[in-house]
Amino acid sequence: MAAYDPILNIIREYFIDMGYNEIYVKDFISERVFKEIISIRLANANVMIRNKSDHKSHQTHIAITGEAIEFFYDPKEMVQKGSSIVETRTIYISPNNIKQLKGEDVDIEDPRDMIRVKGVVTIGTRTQKQVQLSKRNAENSVEFNLLRLGLFENDLLILLKQREQEALWAIGIPQDFYLDLIPNYAKKYETNTYLRMPKKM
């Protein structure tokens, strides 16, 4: 079993639990559609101000360090980036993911169609050692900020990169859900776990 398989399974089970068709979900959330994944276990410093357990921290961006930077930038690109540059990336969000995190009723019209809303997320760099995801909340799409407002410390923010385009898909999964599937998640995976997924024929 590849290291990314359990994380993909968490995503699949989460959407199946919402009411999506199992066959559809397993085919869509796969190496066929996506090529890279980063799973971020959120620290208190990474969540929105109102969701913090310790309000001494005023940081809201999500710091990405180490090998996980390669999800956003090629190493050669990082060398050329200035620390003041802030860019936007296309990102997709599932409105039902937001509803599920907020504890609202999820209304799925077609269980074989995972509707996603297109938006943007801001990315900044800090020297060559850190990427700051969601650098400027005011410039993120509304849906991305709503997704973040549904996430708390130790929840997962997972980003997937599509094969056919550089667009990202952001998914939020609460701690109590993923720990049922991987009880030792914190020991098995890094805080920012970046994995490439070879395409299966």
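Which residues in α1 meet which residues in α4? I started my notebook with that.

**Entry 1: ground rules**

I noted that this is a predicted model, in which local features need pLDDT of at least 70, side-chain atom pairs count only at pLDDT 80 or more, and totals for chains, interfaces and linings use all residues. Residues are numbered from 1 along each chain as its sequence is written, and side-chain values use heavy atoms, with hydrogens and water left out.

**Entry 2: α1 and α4**

I looked up the contact, meaning heavy atoms within 4.5 Å. Tyr14, Asp17 and Met18 in α1 meet Asn96, Asn97, Gln100 and Leu101 in α4. I sorted these residues by class and got three nonpolar, three polar and one charged. Here Ala, Val, Leu, Ile, Met, Phe, Trp, Tyr, Cys and Pro count as nonpolar, Asp, Glu, Lys and Arg as charged, and the others, Gly among them, as polar.

Next I checked the geometry. Helix α1 covers residues 5-18 and helix α4 covers residues 95-102. Helices are DSSP runs (H or I, at least four residues), as are strands (E, at least two), numbered from the N terminus. The two axes come within 11 Å and cross at roughly 80°. That makes α1 roughly perpendicular to α4, a label for angles of 65 to 115 degrees. I noted that axes are lines fitted to C-alpha atoms, for helices over the stretch in contact, with angles from 0 to 180 degrees between N-to-C directions.

**Entry 3: salt bridges**

How many salt bridges does the structure hold? I found nine. Each needs a side-chain nitrogen of Lys or Arg within 4 Å of a carboxyl oxygen of Asp or Glu.

I took arginine 196 and glutamate 70, whose closest N and O atoms are 2.7 Å apart. This pair links distant parts of the chain, 126 residues apart. Arginine 196 sits in strand β8 (residues 192-196), and glutamate 70 in the loop between β2 (62-64) and α3 (75-80).

The scale runs from buried (under 20%) through partly exposed to exposed (over 50%), with a 1.4 Å probe and protein chains only.

I also looked up arginine 32 with aspartate 27, at 2.9 Å from N to O. Arginine 32 is partly exposed at 42%, and aspartate 27 is partly exposed at 40%.

**Entry 4: a network**

I ended with Lys35, Glu36, Lys161 and Glu166, which salt bridges link in a network.

Methods. Angles under 35 degrees count as roughly parallel, over 145 as roughly antiparallel, 65 to 115 as roughly perpendicular and the rest as oblique.
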